Amino acid sequence: MSGVEQNVTDPYLWLEDVTGERALEWAREHNEVAGARFAASERFAALEQRILDVLDDDTRIAYPGRRGPWLYNFWRDAEHPRGLWRRTTFDSYATDDPDWDVIIDVDALAAAEDENWVWAGAGVLRPSQSLALIKLSRGGADATVVREFDMERRVFVDPADGGFALPEAKSRVGWIDADTVYVGTDFGPGSLTDSGYPRVAKKWRRGTDLSEAETVYEGEPSDVSVTVGYDRHPGYERHYVGRATDFYNEEIYLLGPDNELTRIDTPTDADVSWYKDYLTVRPKQDWTVGGTTYPAGSLLVTDFPAFLAGERDFEVLFTPDAHTSLYTWGWTENHLLLTTLRDVQTELAVLTPTAEGWHRRPLTDVPPMSTTSIMNTDPLEGGDEFMLNTSGFTDPGTLLATSVGGETVRLKQQPSFYDAEGIVTEQFFATSDDGTQVPYFVLRHRDTIGAPAPTIMYGYGGFEVSQTPGYTALAGLAWLEKGGVYVITNIRGGGEYGPQWHTSVLKENRHKAFEDFAAIARDLVARGVTTAPQLGALGGSNGGLLMGVMLTRYPELFGAIVCKVPLLDMKRYHLLLAGASWVAEYGDPDDPREWAYLSEYSPYQNTDPDRAYPPLLLTTSTRDDRVHPGHARKMAALLESQGRTVWYYENIEGGHGGAADNKQAAFQSALSYEFFTQILREGRA
């Protein structure tokens, strides 16, 4: 049984053999059952096609990434399901019909090379933009191959001619100059961390074999990863090393000419960045330095060279309060732009350094119940231009171009993909078990207010990922239009109220995130929004763990659950694929003290054969090399052995997102909504 340990007592351990024929045959058989039940009707086909039409729609906004004079975009549609990597100028982009210069046609490339290529990104050499390092994934996995591309000749550079190329691995690679890169990859035995990421970083020069690359830094096998990079800002060039000792702690060093290291002596769990001679720090815990204590979630700035010389004189640019947290920040050439969340709704400010200190003023007004994102600042090229994208749950995105103090121009407007007339957005707060007020948003038609309706509530609650308002195209056409209610939860574990909203539920406190979600479920029923038999829950990845806990700990609160690409076996998660990198989030199962609390909620170890569970749909992907598909496979097999109502679907490719192209994504989405329709609306368990 390739790749699977033999000394573990688990009757379904064989399902961890990702590509084993027995396991794949098991998955195919279950796919047939789920497909026959939920994907064989004309209604399903119509919904799937409508979702696909949205994903392929040519009139949706082609969101760009700015690199100097160029705006880059990766685009998929019906004619190009694998996608086009392309670019245009700002002037052309601002027209109704931009003149896109297609650099790489992934469909054509996949056909020519007979490979299942999925686009994974590109690193463009600045400032010339004459070369790029292209990442391609087989089937959507995190592991990629890397190949150098000549942007002028539009060809891949042959390694025989000195081109940079890396075989499939979870590599980190970036330009220093046209003939040199920093690279971390699988250099052979011992070169990866226990989490499967690079442990060794090297400087690789053109025309030399990878084995001859100069070692710059080595971390420990127990680290999560090591990265080396180059800040090429003219006049402020810096080489740096990041050693991530766990998912949230990173030692950061400046790298000198002879690879000597200068530690940036900030808290290892803080968010640290620099621009020119400004060093910014957002501590995630209260930080006492230089005789002053700065609260978690604040934003501090100091003179970078002075800090390296030993000074600890910070200026506070932002201080959080009970309702407001710092969401993002970024530089234009002359200004620092802040995005804050006030009860999960965005506010924007611009901060300007002057001889008299920092001057702060509002950047622009933003609509309520919406998220406005600052995009495409490019201080490397100079200028104070940037873009703003605003969307709400029922309001499609609007993309604006502006500059600090300059005129604002509307560039693009996303079309509406469903009938939102009469759909209202409300924000409520539920009281969790420990008294914490937890916000959530409710989307429903005003005609349904006052009567319980079928409801789907979505949750994630981990890794400081915030769930902010954004256009709900698919939920709108598949659920809201049909009179359903859709709920987005802001449970602890996210970053909606700053880093403490996340750190308060790490490890032994994880149960608080689960209690938050359960409290919202009860609150929805108490408010008359829905009833328990009409309430469905939806989540993936870390949210899939949340769904597993809802199934096994709070089954009476729900009428149906969809659990996607989940973690479920918390006894073995750290041994599977990238699982070791999440020990800082959940705890170490091999430590008896930490397994004591993990064992209390780990879904795979806490099924109760004598307790009634709601119907469950489990989905995963064979090519997910982040969260092992064995979690979902084993849980489905275990529940089936107990006579549960469970359906299972596994995409044979698709990576951690569960889908490698729009057609697969449309199928997966339609499958979930058809499941909820049959169970919650029609009562067809």
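**Helices, pockets and selected residues of the predicted model**

Eleven of the twelve residues of helix H9 are buried, so this helix is largely enclosed by the rest of the structure; buried here means under 20% relative accessible area, exposed over 50% and partly exposed in between, with a 1.4 Å probe and protein chains only. The structure is a predicted model, in which local features need pLDDT of at least 70 and side-chain atom pairs count only at pLDDT 80 or more, whereas totals for chains, interfaces and linings use all residues. Residues are numbered from 1 along each chain as its sequence is written, and side-chain values use heavy atoms, with hydrogens and water left out.

The buried residues of H9 are Asn 542, Gly 543, Gly 544, Leu 545, Leu 546, Met 547, Gly 548, Val 549, Met 550, Leu 551 and Thr 552. Helices (H or I, at least four residues) and strands (E, at least two) are DSSP runs, numbered from the N terminus. The expected span of a helix is 1.5 Å times one less than its number of residues; for the twelve residues of H9 (residues 542–553) this gives 16 Å, in agreement with the 16 Å between its end C-alpha atoms. Agreement is also found for helix H8 (residues 511–526), whose 16 residues should span 22 Å and whose end C-alpha atoms are 22 Å apart. Among the buried residues of H8 are Phe 514, Phe 517, Ile 520 and Leu 524, together with the charged residues Glu 515, Asp 516 and Asp 523. Just after H8, Gly 528 takes a positive phi of about 80°.

The largest pocket holds about 480 Å³ of space. On a 1 Å grid over the protein atoms alone, a pocket is an open set of points where a 1.4 Å probe fits, with protein on both sides within 12 Å along at least five of seven lines, and lining residues have an atom within 4 Å of a point. Grid points are joined across faces, edges and corners, and the volume is the space filled by probe spheres set on the points. Of the 18 residues that line the largest pocket, Ala 143, Lys 170, Leu 577, Asp 624 and Asp 625 lie nearest its centre. By class, this lining has seven nonpolar, four polar and seven charged residues, where Ala, Val, Leu, Ile, Met, Phe, Trp, Tyr, Cys and Pro count as nonpolar, Asp, Glu, Lys and Arg as charged, and the others, Gly among them, as polar.

In the second largest pocket, the space amounts to about 400 Å³. Its lining comprises 21 residues, and those closest to the centre are Asp 58, Arg 60, Asp 96, Pro 98 and Trp 100. Strand S3 (84–89) and strand S31 (409–413) each supply at least two residues of this lining, with the largest share, three residues, coming from S31. The lining of the second largest pocket divides into ten nonpolar, four polar and seven charged residues.

Several individual residues away from the ends of the chain elements described above were also examined. Asp 378, in the loop between strand S28 (370–375) and strand S29 (385–392), is buried, with a relative accessible area of 5%. Apart from its neighbours within four places in sequence, Asp 378 is in contact (heavy atoms within 4.5 Å) with Arg 66, Arg 67, Gly 68 and Arg 126, and its side chain reaches the backbone nitrogen of Gly 68 at 2.8 Å. Arg 126 is itself joined to Pro 127 by a cis peptide bond, with omega about 0°, and Pro 127 is found in the loop between strand S5 (117–124) and strand S6 (131–138).Thr 390, placed in strand S29, is buried at a relative accessible area of 16%. The side chain of Thr 390 makes a polar contact with the side chain of Thr 372 at 2.8 Å, a polar contact being a pair of N or O atoms within 3.5 Å, of which, within protein, one must be able to donate a hydrogen and the other to accept it, and residues adjacent in sequence count only if both atoms are side-chain atoms.

Positive phi values occur in two non-glycine residues, Asp 114, at about 50°, and Phe 463, near 55°. Asp 114 counts as exposed at 71% relative accessibility, whereas Phe 463 counts as buried at 15%.
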